[in-house]
Amino acid sequence: MKTYIKISIFSLLLAITLSCSNDLTEKVFSSVTEQSYQYSSKDFYPVVTSVYPPLRNLCSHSGYFGSQETTTDAIVMPPNASGWDDGGIYRRMHYQTWNSEQVHVSSIWDWFYRGVLIANNVIDQIENDIVPAPSSSDKEAGLAEVRAMRAYYYWMICDNFGDAPLVTANTSDLPEKAPRQDIYNFIVSELNEVIPKLSETQGGDMYGRMNKWAGKALLANVYLNAAVYTGQARWNECIAQCDDIINSGKCALSPNYKDPFRASGVEDSKEVLFTVPFDKNLAGGNSIHMFSWHGELKKKFETEATPWGSGCAMGIGQFIDTYEEGDSRLDDSWLHGQQYAADGTPLVGTYDQKGEPLIFTKDLPSANFTKEAEGYRMNKYEVEPGSTDGSTTDIPLFRYSQVLMMKAECLLRLGQSGAGALVTQVRQRAFKDNPSKATVTDDQLKGNSSYKYGYIENYVITDAGDQSPIQFGRMYDELGWEFAWEMYRRRDAIRFGVFTTKSWLSHKPQGEYRSVFPIPERVITSNPNLIQNPNYSSVN
């Protein structure tokens, strides 16, 4: 059993008790309350790790996954004959016409701030010795870990919402919004202070927890996107964090691209710097296969649960077309072509293509409706036989390949050499059958993207939209191929100037303000100190 999972039940229960309750007639089922419970040093690390359970909500198709992937040019969730309209909530993310009542917006706001509030409470309990530490060094390390996780949650808030409340202590006061710059400054200051105190252990008891290398990867990500957050680029600072990780000798690329996405054996991976651990019985939440796969794939993968309808999350054909011939990441990331049961029997459609061979095809007519077998599906995260609607496969948030790619991008933007060698290093395992094709140069990475942007109707581009070259567009393509399905695409698309300018499938640009989400309407209504993000209201 994964070390992290061993304490997950206690951590989850503790996280719930630390959360605020709106039930003023709360029933008491035990004489032991949070106030009367006497913590011991044995409770210290379960309390510390109580900051992690909110991460298990990142894979939601109506939450973080949907907000980071289906708002972009790589993945879409269109309705089909099995359903998947749900009042248009998924299509609105593709169109970028969400409003302040969108379920995705409420979901990510709630879970990010739940992580912040739990962290604030744990910090208070440790600093005031309400939860005693086994030793002074444990206390210092535990506080550093919780503060780093709070910085992670604030990075999510800064990245997705821009200006937002910055609350760093337990309080009953209704907060005001802080400028995005202030949140960025807080994140950077916190991480620079606590990273030296974080554990250098990779794997083992630190698997799924914020160690030094995860902290540096987080800080590198913050610096990588600093120009978006503050208007001031921090490329050199990002490189410095990446170099620390590279030179540590603690991290390395796995031999095979699929290795970090296996259902087991990942706990000692040198490539996985930070991950969300999942377990079939103790820590559910990874249901990507359920909302991407056709129900017939139960027979192929011998799962216990039947995927929902004919599935929904799928690749946009224009993105799939960007893959180079021979790149094994296409097959490693996407299910396509004729599908067969585990015993070799051809699978067939069950809805609008009932009885016809189940062949996943690339091109989509639009984001408004697709046939049941249209669209390439998820093949990145292994799904073990017997899996329920919650897969046991962990979801990496930071990988060593991203460290190499971050440094490569920063070198390009600084006009310095070396980006091609780093990207080539990442590409080599994707071109094992033809090693010469793995090589890419600095000049190639400076070229335009190979993505054929434009608005599609009935499989055909009818409005090309903005066709201006993308600076370092080939680098943007490389990020897409390496990190498909990993919830990076929105952030990358914004940084490369694609998110609010280009057209793809049924999406046309809706305005620069869409680079951040609105504050949920119910939050605005309940807190008169908050004002909505620019250009948003409850109805648009």
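1. Confidence comes first, as this is a predicted model. The mean pLDDT for the protein is 93, and 93% of the residues reach at least 70.

2. Where pLDDT is low, the predicted coordinates should not be read in detail. I would keep that in mind when looking at those contacts.

3. On to the cysteines. How many disulfides does the structure hold? The count is zero. For Cys242, the nearest cysteine sulfur belongs to Cys238, 4.1 Å away. Because a disulfide needs the two sulfur atoms within 2.5 Å, Cys242 is in no disulfide. Cys242 is also buried, its relative accessible area being 0%.

4. Cys410 is likewise in no disulfide. Its nearest cysteine sulfur is again that of Cys238, here at 3.6 Å. Buried or exposed? Cys410 counts as buried, at 0% relative accessibility.

5. Finally, have a look at the open sheet of three strands, ordered S12-S11-S13 with mixed pairing. Strand S12 (460-463) and strand S13 (504-505) are the edge strands, each pairing on one side only.

6. Within that sheet, strand S11 (residues 454-457) runs parallel to S13, and two bridges join them. If you want a place to start, Gly454 lies opposite Trp504 of S13. In general, strands of a sheet pair through backbone hydrogen bonds, either parallel or antiparallel.

Key: Residues are numbered from 1 along each chain as its sequence is written. This is a predicted model: local features need pLDDT of at least 70, side-chain atom pairs count only at pLDDT 80 or more; totals for chains, interfaces and linings use all residues. Side-chain values use heavy atoms; hydrogens and water are left out. Buried means under 20% relative accessible area, exposed over 50%, partly exposed in between (1.4 Å probe, protein chains only). pLDDT is the predictor's confidence in each residue, from 0 to 100. Two strands pair if DSSP finds at least two bridges between them. Helices (H or I, at least four residues) and strands (E, at least two) are DSSP runs, numbered from the N terminus.
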